[in-house]
Amino acid sequence: AGKSSNLASGLRTTLEQLAPRRFWLAPSAHEDSRATADLVREGFGSFAPVASLDPYFTLADPDDLEGCRRTLRAALAAIRTELQPGERLVLNPTSGTKQMTAAAVLAALDEGVGEIVFTTGQRADGVVITGTERLTAFDPSGYFRERDLATAHDLFDVGAFQAAARLLEPHRASLPQAHALCQLLHHWQRFAYSAAVSAADGHWETLRRELALRAQHVATGTPSLLVLADVLAWANHARRLGEAAACLTLAYKAVELAARFALAQDLALAPPQRNGRYAVSAVRALTRSRESDARLEKFARDGEITLGLSLAMQLLAENAHPLGCAFSDDGQLVRLTFVRNESVHDIRPPEMHEAHALLDRVRNLLSSGLPPLPTVVLPRVLPGT
């Protein structure tokens, strides 16, 4: 207060300007502060008492920033549960110690309160002159956006695309490409091409068309070098992040897809049905040994069979395909595929050096047994950072 200022009157003017449905007060435990709070609420039916014994969110020590912050965070969280649809929660940290004001702003940012207003006006002796009060708003949305974008960048860098997308969801209007790219990469990493196409729509037309072509290949069961190149790109992504299990699994998947491509492209084996199973009669036409015949009989069900890596490569080798022959001749590669089987079917966490070795040998195998693969470049930079 000053010669030309009355704090209670100024805060009452603030309430008249805001005209809230309900309001709460958070004075300190000091007697003068509580007396001012009593004057502020007098005659306002919109005042909401906290409890019968203490109607205020009382700040026990006005010089304890962290203690005030904890009390005000709890207050804001409790008040938010009482908001009606369409209502805004407004914080006015006018008056109080510097610690109380700082704590109020920090609590609002912690709790995501989207509107902070200060009671300002003409000043004398460092305080607002009564009768000149006006509201000055601070919009913390820019702070929330910068904070969430920085965190999303960290998540993006470690491949947590879905988590980054969820964090950026409230900022879709201001950061549309950043949000869309996180969604796109999340779906692309799962080879959910149709969803990835939707995420790319309106942002990256060339990429959208490329992903749509992959989606068509998957939907029709067409063996695709584009999809195979994607698998290798994501395997390399996992290696860069030190994710041994993902790298190993994707490298193994790349060999399986390569075998299916070679069987279809060079040995005219019709693509599998939507359930991933081949007609036994079509596969039997490619067997050249009693061993492969026996394995075919063992794994066939209802006239269909799922071709695992081992049998697929055996069929290629029996038909003198360079991919199958090179696979059979690389004993270290075959042993490394067993590591993947052990990690999938048992509690056997793979080592990073094993994942590196498998991926490197798979790349060498494919370079000698298949046509050149398309180049796939995964985005590494989050827009807006």
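Author: First, a definition: buried means under 20% relative accessible area, exposed means over 50%, and partly exposed lies in between (1.4 Å probe, protein chains only). This is a predicted model, where local features need pLDDT of at least 70, side-chain atom pairs count only at pLDDT 80 or more, and totals for chains, interfaces and linings use all residues. Residues are numbered from 1 along each chain as its sequence is written, and side-chain values use heavy atoms, with hydrogens and water left out.

Reader: Is Asp266 buried, partly exposed or exposed?

Author: Asp266 is found in helix 11 (residues 244-267). Helices here are DSSP runs (H or I, at least four residues), numbered from the N terminus. The relative accessible area of Asp266 is 46%, so Asp266 is partly exposed.

Reader: Which residues does Asp266 touch, not counting those up to four places away in sequence?

Author: Contact means heavy atoms within 4.5 Å. By that rule, Asp266 touches Phe261 and His321.

Reader: Is His321 buried or exposed?

Author: His321 lies in the loop between helix 14 (309-318) and helix 15 (322-329). Leaving aside neighbours within four places in sequence, His321 is in contact with Ala262, Asp266, Leu316 and Gly369. Its relative accessible area is 6%, so His321 is buried.

Reader: How are helix 9 and helix 10 arranged relative to each other?

Author: The axes of helix 9 (residues 205-220) and helix 10 (residues 225-241) come within 9 Å and cross at roughly 110 degrees. Axes are lines fitted to C-alpha atoms, for helices over the stretch in contact, and angles run from 0 to 180 degrees between N-to-C directions. Angles under 35 degrees count as roughly parallel, over 145 as roughly antiparallel, 65 to 115 as roughly perpendicular and the rest as oblique. Helix 9 and helix 10 are therefore roughly perpendicular.

Reader: Which residues make the contact between helix 9 and helix 10?

Author: Helix 9 supplies Leu213, Arg214, His217 and Val218. From helix 10 come Leu226, Val227 and Asp230.

Reader: What kind of aromatic pair do Phe156 and Phe161 form?

Author: Rings of Phe, Tyr and Trp (its six-membered ring) pair if their centres lie within 6.5 Å; planes under 30 degrees apart count as stacked, over 60 as edge-to-face and the rest as tilted. Phe156 is buried at 4% relative accessibility, and Phe161 is buried at 3%. Their rings are 5.4 Å apart, centre to centre, with 70 degrees between the planes: edge-to-face.

How values were computed
Helix = DSSP H or I, 4+ residues; strand = E, 2+ residues; numbered from the N terminus.
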